[in-house]
Amino acid sequence: MRMKKSAIALLIAIVCVTQINAAELSSDMIKLIEQAIYYGDFRFDLVDGHVYINAVAYWDSKDAQQKERLCITLAKYMAHILKEPQDWIVIYDNQTGNKIGKWDADGLKVY
């Protein structure tokens, strides 16, 4: 299972690059995010616009541009679920509960 989770993290990182300019996420990306949710790597609080992520797999080793791409992708996923635009999200570490990032119209802020 660990290898499968690592593969999902890698695929999401790769696919984020191609999804940034798309208006909506591809069905493949939606499936990858849903697999990551199933494995406990992502948890969405749709009411508050918060995303709880496994920081080791999806955040800690990424540079600022990769983190911003991930945030945009996760905001698009949230918009897909809510069926309305989502132009901001707040990212929390799923293990510690600490706020680790925020993305909105002003760009990415890393904590």
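Predicted model: local features only at pLDDT ≥ 70, side-chain atom pairs only at ≥ 80, totals over all residues.

Trainee: OK, how many helices and strands does the protein have?
Mentor: There are four helices and five strands. Going along the sequence, the pattern reads α-α-β-β-α-α-β-β-β.

Trainee: And in what order do the strands sit in the sheet?
Mentor: The order is β1-β2-β3-β4-β5, in an open sheet with mixed pairing. On average, neighbouring strands are turned by 20° against each other, if you ignore direction.

Trainee: How do β3 and β4 run, parallel or antiparallel?
Mentor: Antiparallel, and four bridges join the two strands. If you want a spot to look at, find Ile89, which stands opposite Trp103 in β4.

Trainee: Switching to helices. At what angle do α2 and α4 cross?
Mentor: Roughly 95°, with the axes of α2 (residues 27-38) and α4 (residues 64-82) coming within 11 Å. Angles from 65 to 115 degrees count as roughly perpendicular, so that is the word for α2 against α4.

Trainee: Which residues make that contact?
Mentor: On the α2 side you have Met29, Ile30, Ile33, Glu34 and Ile37, and on the α4 side Thr73, Leu74, Tyr77 and His80. Sorted by class, the contact has six nonpolar residues, two polar and one charged.

Trainee: Now the inside. How many residues are in the largest nonpolar core?
Mentor: That core has 29 residues, and Ile12, Phe42, Ile53 and Leu74 touch the most other members. At least two residues come from each of α1, α2, β1, β2, α3, α4, β3 and β4.

Trainee: Which element gives the most?
Mentor: α4 does, with seven residues. As background, nonpolar side chains tend to be buried together in soluble globular proteins.

Trainee: What does Ile12 touch, leaving aside its close sequence neighbours?
Mentor: Outside four places in sequence, Ile12 is in contact with Met29, Leu32, Ile33, Ala36, Phe42, Tyr58 and Leu70.

Trainee: And what share of the whole protein is buried?
Mentor: Of its 111 residues, 42% count as buried. On contacts, take the ones with a separation of 6 or more: 55% of them involve residues 24 or more positions apart.

Trainee: I keep clicking on Trp59. Where is it, and is Trp59 buried or exposed?
Mentor: Trp59 is in the loop between α3 and α4. Its relative accessible area is 3%, and under 20% counts as buried, so Trp59 is buried.

Trainee: Which residues are in contact with Trp59, then?
Mentor: Beyond four places in sequence, the contacts of Trp59 include Ile53, Leu70, Cys71, Ile91, Ile100, Leu108 and Val110.

Trainee: Last one: what's the phi of Lys83?
Mentor: Near 60°, a positive value in a residue that isn't glycine. Most residues other than glycine have a negative phi. Lys83 is in the loop between α4 and β3.

Trainee: Is Lys83 buried or exposed?
Mentor: Exposed, with a relative accessible area of 68%.

How values were computed:
Residues numbered from 1 in each chain as written. Heavy atoms only, no water. Axes fitted to C-alpha atoms, helices over the stretch in contact; angles between N-to-C directions. Parallel < 35°, antiparallel > 145°, perpendicular 65-115°, else oblique. Contact = heavy atoms within 4.5 Å. Nonpolar A, V, L, I, M, F, W, Y, C, P; charged D, E, K, R; others polar. Core = buried A, V, L, I, M, F, W, Y, C linked by side-chain atoms within 4.5 Å. Buried < 20%, exposed > 50% of the residue type's maximum accessible area, 1.4 Å probe, protein only. Pairing = 2+ DSSP bridges.
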